[in-house]
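Please look over this chain with me. My notes centre on one strand and its neighbours.

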Amino acid sequence: MTRGLPSDGPKAQGQAVATAPPRTRPSHRVAVVIADVLILDLDGVVYIGPDAVPHAIDALNTLAGQGIRLTAATNNASRPAPEVGDHLRRLGLRIADDDVMTSAQAAAAHLAAILPAGSSVLAIGGPGVSIALTEHGLIPLRASADLAAASAAADAADALLMGYGPQVAWFDLAAGQWAIDRGKPWVATNMDPTVPQPYGRAPGNGALVGLLQRSTGRDPVVIGKPQPTLFRAIEQRTGAARPLVIGDRLDTDVDGARAAGMRSVFVLTGVQSIHDLADRDPATWPDFIAQDLRALLGPIVTLERDAAGTARAADANVLTDAVIRIHAGLPVGPVTLPEAALPLIDLAPLRRDTVSP
Ligand SMILES: [Mg+2]
């Protein structure tokens with residue numbers, strides 16, 4: 001795949017520009033300016049359950065056509081990377097299996113680094129967990145629906161790896177508890193409390209890990225986002241100069257991007273909403289907000305205070321208004337955008353204002 005700017009790269013000249021403050025910076029094909037590699041979260045960004053998020057596939061394929069490499073970093077450990085890649089390609093996305101990385105792969109790599117080759121690992125989660133262990137030279141053990149067999153699996157295991165899978169049953173959790181109580185290292189692929197499903201959000205791996213934290217009084221080593229492991233592995237693999245993380249969760253995707261020193265887009269098609277920003281220190285806000293992934297094809301709208309100290313927003317744009325309203329203490333003024341629909345909102349100036357008044 002190609003990387004870097006296309007020969008007819010983005011140009012700002014000749015476009016309509018707002019005639020009054022605030023300083024908006026409209027530019028087409030902006031994503032090419034701010035990214036050479038997109039690192040996509042998947043659940044809530046590209047798909048929800050089996051179905052594509054509206055507009056996501058077309059927008060991403062357009063970006064791929066502009067020379068941006070598409071990669072994926074998912075905390076969802078339930079399926080192996082090639083199966084995730086098949087799902088994405090069935091939805092129409094142009095992405096290679098090697099550009100899909102799961103938290104199960106990163107967690108298995110971690111265990112392979114701390115255990116002798118051929119060690120046994122109790123695997124709690126979907127097939128993606130067991131397959132990742134096998135790929136890294138470890139032997140996955142599964143608990144069966146039998147107390148004695150579950151206890152034997154806990155005894156035989158050298159460690160426990162826990163990742164999301166809708167197949168997880170009480171016997172798996174009981175075997176996990178025994179492995180932990182018997183002092184085996186405990187690794188979790190991720191701690192997402194929820195996973196988006198077509199009928200609403202459902203308990204994620206973090207919720208199941210929380211159950212064992214409560215019953216054992218212990219905590220696992222966590223590998224997935226917001227740890228920077230997945231993002232750094234993709235950066236290394238692709239040689240990205242301007243990686244841009246796109247996610248629907250602040251506590252995993254956005255925090256993970258910041259931990260990896262990367263910029264992030266918070267897209268509002270998944271489990272969190274713009275109101276979740278209100279609970280956070282603005283210093284931890286994402287760099288950009290997008291209503292959906294079409295925003296990556298439109299202008300960037302940078303919100304700044306003008307000379308009078310007023311941060312202005314597009315009065316016709318609900319999203320932009322909401323960003324301002326939850327930013328306590330900032331008066332709101334109107335502005336006319338050259339393209340009011342679906343801008344990519346650049347939050348960095350407001351963040352700076354708050355951190356260094
Ligand atoms: Mg997500």
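1. Ground rules. This is a predicted model: local features need pLDDT of at least 70, side-chain atom pairs count only at pLDDT 80 or more, and totals for chains, interfaces and linings use all residues. Residues are numbered from 1 along each chain as its sequence is written.

2. Whole chain. There are 12 helices and 19 strands. Helices (H or I, at least four residues) and strands (E, at least two) are DSSP runs, numbered from the N terminus. Of the 357 residues, 47% are buried. Buried means 20 or more other C-beta atoms within 10 Å of the residue's own, with C-beta atoms placed from the backbone.

3. Contact range. Take contacts between residues at least 6 apart in sequence: 71% join residues at least 24 apart. A contact needs C-beta atoms, placed from the backbone, within 7 Å.

4. Partners of S4. Strand S1 (residues 37-40) pairs with S4 in the parallel sense, over 4 bridges. Pairing requires at least two DSSP bridges between the strands. Val-37 stands opposite Arg-69. Strand S5 (residues 100-102) also pairs with S4 in the parallel sense, over 3 bridges. There, Thr-102 is the bridge partner of Thr-74.

5. Crossover. Which hand does the unit of S4, helix H3 and S5 have? With H3 at residues 81-90, the β-α-β unit is right-handed. That is, with the strands pointing away from the viewer, the path from the first strand over the helix to the second runs clockwise.

Terms used:
A residue is buried if 20 or more other C-beta atoms lie within 10 Å of its own, exposed if 12 or fewer, and partly exposed in between; C-beta atoms are placed from the backbone. Two residues are in contact if their C-beta atoms, placed from the backbone, lie within 7 Å.
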